[in-house]
Amino acid sequence: MRPLLNNFFRGLLLVFPLGATAYIIYSAVVWSNNVLNDLLFQWLSVDIPGLGMITVFLGIAVIGYIFSLTFTRPLVTYFEDLVKRVPIIKIIYTALKDLTEAFVGDKKRFNKPVVVDLEGMSVQRMGFITQEDLSDLEITDRVAVYCPHSYNFSGNLYFVPPENIRPLKLDSADAMKYVISGGISNIEAS
């Protein structure tokens, strides 16, 4: 029974954030589309498809602008501190926040595409250096390389000797697209 529960919780950690995010975005688009179209229909007798999507996009952009202002930062910090105190929510929130920041934040992590030679095998993997200093883990002769899986939101983290890494002259977005597509996407070296 224990392995079944462990697998359930692992699955829940993957399904819940993705499902919740998809549900929230879908609900916001449908709700705003219905409300705005109802209002416009009453005034102008027109129905504008896609208005909900545009409104949600602009609403998120406005929220991003408001939270980028100096006076709102203490509020955001206070909210994050509250969220980080709730056991399961803390894990989900911090993981999603870190992942989001890795792609779009100031702390972009997937910006150094590399090829990793796996020792003892004539196999190489494409990945991204995420940490060059692992002294916090008491590891001195390795760097952290994240190798995403194709067609999946998962991957493996390897601690690799720097001599087994060859940097790629690729834009990080193109490299990620190439890996995620299973090598099907065409990319051009810079």
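Which residue stands opposite Gln131 in S3? I looked it up: Ala144 in S3 stands opposite Gln131.

**Ground rules.** I am working on a predicted model, where local features need pLDDT of at least 70, side-chain atom pairs count only at pLDDT 80 or more, and totals for chains, interfaces and linings use all residues. Residues are numbered from 1 along each chain as its sequence is written, and side-chain values use heavy atoms, with hydrogens and water left out. Helices (H or I, at least four residues) and strands (E, at least two) are DSSP runs, numbered from the N terminus.

**Strands.** I began with the pairing, which asks that DSSP find at least two bridges between two strands. S1 and S2 run antiparallel and are joined by 6 bridges. Asp117 stands opposite Gln124 in S2. The two strands, S1 and S2, form a hairpin with 4 residues between them. I checked the turn and found Gly120 there, with a positive phi of about 80°. S2 also pairs with S3, again in the antiparallel sense, over 3 bridges.

**Salt bridges.** I took a side-chain nitrogen of Lys or Arg within 4 Å of a carboxyl oxygen of Asp or Glu. By this rule I count 2 salt bridges. One joins the side chains of Glu132 and Lys112, at 2.4 Å from N to O. Glu132 sits in the loop between strand S2 (123-131) and strand S3 (143-148), and Lys112 in the loop between helix H4 (87-104) and strand S1 (113-118), so the pair ties together parts that are 20 residues apart in sequence. I then looked at accessibility (buried is under 20% relative accessible area, exposed over 50%, partly exposed in between; 1.4 Å probe, protein chains only). Glu132 is partly exposed at 48%. Lys112 is partly exposed too, at 37%. The side chains of Asp141 and Arg142 also meet in a salt bridge, at 3.4 Å from N to O. Asp141 comes out partly exposed at 45%, and Arg142 partly exposed at 28%.

**Ser32.** Is Ser32 buried or exposed? At 6% relative accessibility, Ser32 counts as buried. I place Ser32 in helix H1 (residues 2-44). A polar atom of the Ser32 side chain lies 2.8 Å from the backbone oxygen of Ala28. For contacts I used heavy atoms within 4.5 Å. Leaving out residues up to four places away in sequence, Ser32 touches Asn37, Gly52, Thr55 and Val56.

**Helix H2.** Next I turned to H2, residues 51-68. This helix has 18 residues and reaches 26 Å from its first C-alpha to its last. That is close to the 26 Å expected at 1.5 Å a residue; the expected span is 1.5 Å times one less than the number of residues. Which residues of H2 are buried? They are Leu51, Gly52 and Val56. Seen down the axis of H2, the buried residues fall within an arc of 130°, so they line one face of the helix. The arc is that of the directions from the helix axis to the C-beta atoms. On the other side of H2, I found Met53, Phe57 and Tyr65 exposed.

**Helix H5.** Last, I looked at H5, residues 172-180, where Ala175, Met176 and Val179 are buried. Down the axis of H5, its buried residues fall within an arc of 100°, so they line one face of the helix. An α-helix has 3.6 residues a turn, so residues three or four places apart point the same way. Gly182 follows H5, and its phi is positive, near 75°.

Technical notes: A polar contact is a pair of N or O atoms within 3.5 Å; within protein, one must be able to donate a hydrogen and the other to accept it, and residues adjacent in sequence count only if both atoms are side-chain atoms.
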